[in-house]
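Subject: Structure for you to look at

Hello,

Here is the structure I said I would pass on. Please open it first; my notes on what was found follow below.

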Amino acid sequence: MSRLEAKKPSLFISDPLTKDTVSQSLSLLNRILKSCYGPAGRLKQLHNGVGGYVCVTSQSSAILGRLSVSHPVLKVLTASVQNHVARFSDCGLFTAILCCSLIENFRSLHVPSCTVIKISKDLLSLCTDYLKSEACGCRVSVDFSNLKTLLCLVRSVLTSKPACMLNATEVDHLTMLIVKAFMFTIPCHVETKAVLGKCVTVPVKGRRVLDSTVLPGLLIETPEIQFAKLPSVKRISSDTIKIALFCVSMSGDLFNPEEGMITVHHGISLETSELNQLLNVGKQLVNDEVGLVVCQKVIHPSLKQYLKENQVMVVDRAGLSVMEPLSQMTGSKSIASIHSFSPSCYGSLKDVCTKSFGSKHFVHLIPNDTVVCSLVLCNRNETTWDELKRACETAEHVLQLTIKEPLALLGGGCTESHLASYIRYKTCSLSTSSFKDADYSQTQYQLIADAFCCSLESVACSLSHDDEILTDTVYGHCWLVPSGFPSVSNWSDLLSKCGCGINSNTQNLNWRLLRPHFGSTTLQSCPEEPSIKAADLLTLDCFAAKYSGLQVAVETANLILDLKCIIEDQN
C-alpha cells in the first residue's frame, strides 16, 4: 500500500482562451490545416514516434484521425470536425479552418462572448437563409438528366486531393468511373421507397490508375489455383443461377468448449456426425437445384467435392464485407445454421465468370438487376492507393448526398468570397432603428460581422499557397493571379476565369486584392448572380456538406468562446 500514489486533485483552468498555450496551439493547428487546403495543398507525412505505418495525405479525415491533440479546447474542435466528416465525408478542412479563423478573429475584438455568440448566430442565419433561397448567387441546380454537373462534382473532389498523384488524364478516367459506378447503384425499378445499391472497392496496388475499371456485380477474390478453369454450373434456366449464401462455418469443426458441455453416447463420433450433417446440407442444396454456394467462412473439403461432382460451384472464405452487398444483389438471405434452413433463403444470379487483375484472381458474380457494382481501383503504390480510396469514397458520398438535395455550391473559394460580400452589403445597409431593441450596439454588430466575413475570406485565401487572390466587385468571386506579377490596375491581362470557372475576364469587371483584414471594401450593391451556369469545367462543392460545415464551424466556435473553465482529471 505504501507504493500507491495519493490521488491528485483535478486541474481547474479558468478562462482557457486567455492562455497563451491555447492561442498558440489554435494558431498552429490553423496554419497546418490551411497549408493542406485545395488542389495545391501541401502534403503531410504522419506517423507515430516509434515508427509504424506512415500516412502521406492532405485530407482532414486522415490528418485529424492521426494528429495528437492534448488540449481540451482543441479536442472539442477536432471532435466536432471529425463528426461532420463522418456524416458528410467532404468539407472537413473548410469547417476546421473556418472554425479556427472565427475563434481567432472574434477573440481579437475584445467584445463580450455572449454578444459575439448572439450576433454570430444571426449572421449564420443570414448565410443559411441566403443559401437556401432561390436568389442565391453561388448555388447551382444539379440536373440528373445531364451528367455534366455530376462530373464536375466528382472532378472537384479528386483534384482537391494532391496526395493521389493524379494527372489530368487519370482524373478524367476516374471521374467517369465513379459516376458510372454511382449510376449502377441507382435501382431501375423504384417502388415505395428507393434504396441505393452499393459500390464495392476492389484494391489492386502496383498497377496504373488507367487500369481501373467498373464492373456490374461483385468480385470475390479467390486463390489462383481454385478456378483455373471455370467449372460447369447448374442453372435453372439459361440466364438464372440459384445461389445459397451461408454466414456460418461449414468446416465441420466441433463445438467450442467455452459454449458449454455436451453429452456424447458411447460409440458416437462427433466428427462423423458433423460431416454427415454437412453432407445432408449438400444433398438438400443439390435437390433444390442450387448452382452456387458462397460461404463467409470455411467449407469442409468433402462437402466441396460432393457439390462440385453435382455441378454446384463453391466459393468459401468470402469474408464479411461481401455478405451485405451479395445479399442485396441476389435477394438471398444469409443462412446462419446448417441444421435447418428454408429454400426461401435462396437468391438468383444471371451469370458467373472469372476475372484477373494483375496477380489477383476473382470470381465475378453478375446480377440480373445491377444495384451492386465493383470498382477495381488501381494505383502505383500503397500510400497513394489509400489516399485515392478515401477520395473515391468521398466522391461517391457526395453524389449520394446530391441525389437527396440536387444542389451544388460554386467552388474555388467563390462561395466564401461571395458570401462575405453578401453579408457585408446586408449588414452595412441596416438602419440605426434596427438596433433600437437590441442589447448590443450597431458598432459591435458591424465589428463582429466584419470578423465573420474576414473568416470566410481567409478560407478562400487558404486555397492560394503561392499566388495572389483577387475578388471582383460585381459577383464577389475569387480570382487567382500567379505570383511574381506587380500590382497593376489592368488585372484582365493576367486573369482568365474565376476560381469556380463560371466567370471570365471578358465581362469588363473590376478587381481588388482579397485581404482578409478588418475594414475591407463593401460592395455598393448586392453581389449579382452569374448569368451563365452551364460551363463544362466548373469547380463545384457539395451543397449539403458545405452547408453543414458552415453551421458546424460557427456553432463550434461559439461553444469554445463560451467556455469559462475546464476541469481536467490528473489521475
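The protein has 14 helices and 20 strands. Please keep in mind that this is a predicted model. Of its 571 residues, 48% count as buried. Its exposed surface comes to about 27,400 Å², and carbon and sulfur atoms supply 52% of that. If you take the contacts between residues at least 6 apart in sequence, 76% of them join residues at least 24 apart.

Two places are described here, starting with a sheet.

Three strands make up an open sheet, ordered β7-β13-β12, with antiparallel pairing. β7 (218-222) and β12 (351-357) are the edges; each has a single partner strand, so one side of each is left without a neighbour in the sheet. From one strand to the next, the twist averages 30°. Between β12 and β13 (residues 360-366) there are seven bridges, in the antiparallel sense. To find the pairing on screen, look for Ser356, which stands opposite His361 in β13.

β13 also holds His364. Is His364 buried or exposed? Its relative accessibility is 5%, and buried means under 20%, so His364 counts as buried. A polar atom of the His364 side chain lies 2.7 Å from the backbone oxygen of Pro216. Leaving aside residues up to four places away in sequence, His364 touches residues including Pro216, Gly217, Leu218 and Leu219, and also Asp351, Val352 and Cys353. Of these, Leu218 and Leu219 fall within the range of β7, while Asp351, Val352 and Cys353 fall within that of β12.

The other place is strand β14.

β14 covers residues 372-379, and eight of its eight residues are buried, so the strand is largely enclosed by the rest of the structure. Val372, Ser374, Val376 and Cys378 point one way from β14, and Cys373, Leu375, Leu377 and Asn379 point the other way; all are buried.

Which strands pair with β14? One is β5 (residues 198-205), which runs parallel to β14 and is joined to it over eight bridges. Here Val202 stands opposite Val376. Another is β6 (residues 213-216), which runs antiparallel to β14 and has four bridges to it. In that pairing Pro216 stands opposite Cys373.

Regards

Notes: Residues are numbered from 1 along each chain as its sequence is written. This is a predicted model: local features need pLDDT of at least 70, side-chain atom pairs count only at pLDDT 80 or more; totals for chains, interfaces and linings use all residues. Side-chain values use heavy atoms; hydrogens and water are left out. Two strands pair if DSSP finds at least two bridges between them. Axes are lines fitted to C-alpha atoms, for helices over the stretch in contact, and angles run from 0 to 180 degrees between N-to-C directions. Buried means under 20% relative accessible area, exposed over 50%, partly exposed in between (1.4 Å probe, protein chains only). Contact means heavy atoms within 4.5 Å. Accessible areas come from the Shrake-Rupley method with a 1.4 Å probe; for residues, only the protein chains shown count as cover. A polar contact is a pair of N or O atoms within 3.5 Å; within protein, one must be able to donate a hydrogen and the other to accept it, and residues adjacent in sequence count only if both atoms are side-chain atoms.
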